[in-house]
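Open the model in your viewer and keep the selection panel at hand. The stops below go from domains to chains.

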Amino acid sequence: MSDPSQLSRRGFLGGASVTAATSALLDSAAAHAASGAEPVSGATPITLTLNGAKKTLTVEPRTTLAAALRDSLGLTGTKVVCDRGACSACTVHVDGTPMLGCTLLAIELEGRKIVTIEGLAKGDALHPVQQAFIEQDAMQCGFCTPGMVMSCAGLLTKNKKPTEADARDAIAGNLCRCGTYPKVVAAVLQASGQKPPPTLELASTALAPDGQGRLLGVVGTSLSRGEAPPAGEPQAWGTNAQLRLVGKPTPRIDGRQKVTGAARYTADVRLPGMLYARRVVSVHPHAKVKSIDTSAAEALPGVKAVHVVERTLEGAKLRDPSQVKGERYPTIRYAGQAVAAVAATTPELADQAARLVKVEYEPLPFTVDLEEARGASAPLVFPGPTEQPPTAGGGGAPKGLPQKGNVRGPDVKSRGDVKKGLAEAKLKLSGDYRTQVQTHTPLEAHGVVADWRDDGLTVYVSTQSTASARNELATVFELDAGKVRIISEFMGGGFGAKFGAGTYGVLATHLSRAAKAPVRLVLDREEEHVSAGNRPATVQHLELGATENGTLTALSVQSYGTGGVSTGSGAGFFAERLYATPNFRSEHSDVFTHAGPAAAFRAPGNVQGAFALEQLIDELAEKLGVDPLELRERLDVGEDPRDPQREARRLERKLGAERFGWARRKAPGSDGAVVKRGVGVAQSLWGRFVDMDSSCDVRINRDGSVELLSSVMDIGTGTRTALALVVAEELGLASAADVTLRIGDTHHPVGPSSGGSKTLVGVASVARNAAADARQQFLAEVAGGFGVPATALELVNGEVRKQGEPKGKPFKKVAAGMKREQLTAHAQRKDDYGGNPKSGYGGVQFAEVSVDTETGVVKVERVVAVHDCGRPLNPLAVQSQVNGGVIHGISFALFEERRLDPRSGRMLNANLDQYKVLGSRDTPHIETVLLEHYQGLTSVDANGIGEPANIATAAAVANAVYNAVGVRLRELPMTPRAVLTALKGARS
Amino acid sequence: MLTLPPFQFHSPKSVAEALTLLEAHGAKAKLHAGGTDLVPNMKHRLFTPEHVIGLRDVAELHRIGERDGALAIGSMVTLADLARDERVRAIFPSLSSAAAQVAGPQLREMGTLGGNLALDTRCVYYNQTYFWRKALGYCLKKDGTVCHVVKGGQKCVAAASNDTAPVLLSLGATVRLQSPRGSRELPLDQFYVADGIRNTVLEPDELITEVRVLLPQGRLVTGYQKLRLRASIDYPALTVAVAAWLEKDGTAQWIRMVISALGARPHAVKRIEHLFGKPLDAAAIDELGQAAYKQCHPLTNINVDPGWRRLMIPVFVRRAWQQALAPGPQ
């Protein structure tokens with residue numbers, strides 16, 4: 001099909017060599033009548049009332065309401081997620097009743113009244129539900145938010161005083177992946193004039209001791225002042241109680257965009273002349289591609305480009321690439337791997353064209369089973385040893401590990417002598433634990449809109465890391481990074497799976513280049529589950545030795561797991577770092593299988609590691625006859641008695657136990673009821689990772705407006721608001737809303753990726769430092785007007801004042817006197833004060849469960865999550881993330897599991913009704929207690945919370961199940977069948 | 001977003017108009033009630049009808065009322081309206097409860113009783129995208145010749161997943177079917193057949209117009225229990241519908257018990273007549289549970305462990321009877 005001469009038509013790339021030899025440019029004139037085309041049915045005009053106005057539009061009968069709204073009318077607030085009526089993201093009102101846009105045909109709505117999220121507010125006046133969503137922070141990434149808002153608004157028209165249960169029922173069909181359910185329920189109560197019960201406790205509001213030094217320790221217990229910050233850094237801030245804006249629960253500044261449907265996600269981008277792409281993916285889990293015939297697809301009128309995959313970005317790579325030298329197409333190593341892609345003028349045509357691409361495969365033996373894949377005779381996923389380079393934000397695999405068959409490793413970490421430690425132990429315990437594969441399931445699927453122009457490439461990417469997406473595309477297309485612009489304005493969830501542009505992004509870019517038009521490629525839900533990342537399965541064997549008082553003498557973790565064609569299935573650094581032991585050894589091996597690639601997933605490894613270790617520690621407590629919390633008090637110590645992480649957890653255990661009512665814990669299995677109650681606790685530990693690619697500009701304009709610019713994007717955690725708070729605090733502005741955030745765009749200074757709980761570690765202090773610089777510049781500019789030196793002025797409450805005077809002049813008025821139109825301050829990340837110490841953050845979670853011993857059903861009733869994340873910049877958003885971590889953890893503990901069909905290698909539940917993500921009715925009451933915990937490391941001293949909030953939950957639930965029934969479940973998910981089997985095993 | 005195959009859409013305003021369309025297009029047409037099952041199935045190319053006949057505007061199918069000693073429910077009454085209906089709630093609480101437990105709230109506002117009764121059966125190898133099914137070489141139920149659930153199976157074992165069907169069976173309901181050829185009224189137990197490919201006797205040109213349930217003359221007690229993993233959205237993994245007519249002394253004049261969501265059709269538990277005329281006490285309920293357990297053998301047709309679904313039968317039978325016999329409004 002390909003004509004290499006067409007490559008000369010590529011755009012702006014003077015000297016770039018292009019690896020694609022298979023892009024084809026298809027002129028519609030050249031295309032002849034299609035074979036196998038689906039007959040097109042007649043377009044019909046329909047008239048309906050849309051958001052209060054009569055609207056006539058022409059639709060094909062097969063056009064769903066969601067498609068008509070999004071594609072024909074540009075009303076992209078209505079989201080499509082599951083595409084099969086299982087998630088309610090597409091909820092609109094039809095004659096006042098919430099219904100699903102993905103399942104309604106537009107044509108059946110003739111004469112009816114439709115209200116979409118865009119039409120809910122009356123002009124500028126938000127609907128009470130929208131207002132309450134903002135104030136309660138009932139949103140994170142915001143992708144489910146329009147559907148949630150519509151469901152709740154529908155409830156209030158029928159029920160003026162809904163109970164909490166009514167609210168849960170109204171959103172029982174709405175899935176959220178970030179975990180907003182508790183706050184959605186609170187928003188419904190607020191919108192109906194009721195007061196939601198308080199669920200956030202700020203552990204202390206104590207003031208810092210006098211002095212200028214940076215803060216050290218935990219507010220409320222051990223806070224002290226250390227040395228002054230290094231030269232060139234702003235003065236140390238006091239505790240949050242001493243700040244005006246930072247640390248106060250603050251509704252997010254982009255909340256309005258999210259609750260009105262105005263927030264534009266990659267999936268919503270509609271460019272003029274945009275084409276729709278569809279991938280052709282392998283039906284086989286392991287095969288050689290013998291030939292690809294794209295002629296029929298190319299011939300279909302409306303098809304503008306076809307591209308055949310020549311390299312894949314995901315997964316491990318052969319150490320010796322010559323092993324596959326001479327092969328025209330990449331080997332297929334999992335069912336669902338992309339082979340080609342087509343771009344056409346409509347999604348329907350793209351679909352049809354993709355089906356016309358004929359691929360001839362030579363199927364090869366495969367394995368999708370972890371145990372089978374370890375065997376000597378298992379079909380090989382890779383013909384030789386592999387490496388996984390650190391690309392697109394992923395850390396990559398440890399280099400040069402041995403590989404035998406499908407088993408790569410072990411990766412060994414060791415200190416002391418475990419054998420000796422075990423020999424010395426009075427008590428020895430061991431346990432085997434298994435965790436399942438969990439798919440990320442962001443509500444917004446991976447996707448891009450690529451726009452290749454002569455003067456540069458612009459790609460809208462649903463990515464957590466604009467910078468790494470840019471680098472990935474620049475590398476593949478051999479472009480200067482400066483010629484590649486990545487935009488990620490809003491993103492509908494990532495959880496670690498969206499660090500780059502991916503093979504799909506490369507495909508879309510090829511297609512755009514070939515077609516000379518923007519190309520949209522968004523994965524469908526099945527593709528998302530299969531090929532866009534997952535948390536690998538693990539099998540872990542733990543052994544520990546302890547003295548009679550519980551002190552650990554040795555701990556070892558042997559594990560293997562599978563991330564399909566990727567590495568990264570380790571059990572993290574949880575066991576290595578959490579509890580003091582002189583002798584430690586972990587050995588981890590990756591086992592390749594013919595399954596979709598793993599990706600970082602919210603505290604990779606540590607969630608799995610915590611599930612195992614925190615249960616074993618629970619067992620040790622029981623063996624010793626000690627309360628599990630008391631044992632942790634003994635074990636959670638380090639060489640430094642004032643180790644700040646351990647100090648924080650000590651307080652967390654105390655505060656959590658009080659709030660939770662830990663004292664009423666009964667002996668395991670002592671509940672005599674059929675439905676037994678139990679409580680459990682587990683700890684969390686996550687590292688502090690400093691991303692040096694963190695920088696920003698802060699600008700002050702002569703009209704008094706303030707901007708912050710950085711390529712960092714807001715994954716839904718509220719990064720925008722947190723940064724705005726920091727800048728507003730430093731500039732003494734009245735509120736965070738006075739700062740305009742320009743982020744998620746590589747045209748701005750490089751920012752960190754949003755992952756690893758390192759976003760704010762990277763960029764919060766940079767925002768403050770830039771703002772402090774801008775402040776100085778500003779005061780120098782305007783001091784003349786006050787007749788005093790700049791140092792005698794201060795910025796407070798949106799005013800510029802002479803120090804000591806009660807009243808000043810409004811900031812905006814003063815700014816009008818600036819000599820320059822705009823002043824800009826740039827700051828970039830330096831090492832933490834005193835270098836980047838190995839440091840971390842964590843928390844403690846308490847769970848209460850009920851276990852129905854007749855059905856085996858486990859229900860989590862209540863969770864108290866006590867966490868520290870340095871200086872909490874916006875406790876309201878931190879709480880949202882804690883809710884999300886807990887909800888993810890419960891969903892992982894009880895429901896989620898990727899199931900592969902051993903005969904076909906295909907995922908059996910690659911959709912949202914069979915892949916079970918926790919719903920509103922399965923969500924417990926969650927209470928959050930937040931500590932202020934200072935390590936004096938930067939001018940802001942903030943840390944992330946996304947990962948720590950997810951680590952302890954499954955383990956706490958497992959310990960609670962044990963406490964309820966007296967039987968341990970060492971395998972996830974804890975399905976009802978597994979619970980019954982365990983109970984039966986215990987009886988016999 | 002998955003796309004739909006092309007079709008022509010018709011929206012008749014009366015049953016007569018609908019029948020004319022059925023006469024003209026018959027096997028090439030699909031009836032569209034709420035569309036909640038049909039539209040996703042069409043996205044997956046499980047159905048590619050040339051014509052889709054939308055019934056939403058047929059006002060006569062939306063009625064619900066008492067007639068000739070029975071409650072007559074139009075096939076286009078939505079599940080939400082059915083769940084909310086005061087009479088249904090008071091007289092047939094299990095029906096109200098079943099309707100209220102279908103999927104999520106939006107789908108209940110869209111989905112109808114007729115649509116729920118005619119719901120296509122479900123299977124893990126069937127309710128998948130076109131690409132997915134193609135990769136597996138399709139299956140017995142659609143486009144293929146093999147069953148992936150039962151090796152060598154020649155009969156489709158996809159699961160009946162409608163919540164209202166077992167309840168209406170337990171209540172002895174009848175359905176009226178109309179076609180250009182005439183009209184017939186069938187007891188619901190003659191409506192379903194044990195074939196997952198076509199699990200009803202509904203002809204391609206036939207339309208369910210009405211469901212009738214005789215009003216009880218004495219004390220009717222009913223119960224409905226649905227097993228699912230999550231407390232919402234999920235299709236049932238097992239359903240149990242029970243009904244009994246109690247004498248003043250508490251003995252059951254008759255008992256009906258239907259187990260569903262396991263196989264291609266709801267199963268009315270047999271050989272329980274010896275319990276008629278006896279008190280519905282714990283021993284009797286245990287016996288009913290055991291009878292149901294012995295008669296049902298779930299398969300791996302959905303992604304929920306069949307062994308667990310079977311184990312739950314006696315538990316859910318007991319819970320359904322406890323619900324039915326509990327004092328006060330259900």
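The tour starts with conventions, then visits two interfaces.

This is a predicted model, in which local features need pLDDT of at least 70 and side-chain atom pairs count only at pLDDT 80 or more, while totals for chains, interfaces and linings use all residues. Residues are numbered from 1 along each chain as its sequence is written, chains are lettered from A in the order in which they are written, and side-chain values use heavy atoms, without hydrogens and water.

**Stop 1: domains of chain A.** Select 4–119 for domain 1, 273–314 + 330–363 + 441–532 for domain 2, and 373–440 + 534–627 for domain 3 of chain A; the bounds come from an automatic or database domain assignment.

**Stop 2: domain 2 against domain 3.** In chain A, 18 residues of domain 2 are in contact with 18 residues of domain 3 (heavy atoms within 4.5 Å). Between them, domain 2 and domain 3 of chain A bury about 1500 Å² (accessible area, 1.4 Å probe, lost on being put together and summed over both parts). The count between these two domains is 0 salt bridges (side-chain nitrogen of Lys or Arg within 4 Å of a carboxyl oxygen of Asp or Glu).

**Stop 3: chain A against chain B.** Show both chains: 71 residues of chain A and 53 residues of chain B take part in the contact. About 5500 Å² is buried between chain A and chain B, 58% of it from carbon and sulfur atoms. The interface of chain A and chain B holds 7 salt bridges. Finally, select B:Lys43 and A:Asp83, whose side chains form a salt bridge at 2.6 Å, N to O.

How values were computed
Buried area = accessible area lost by both parts, 1.4 Å probe.
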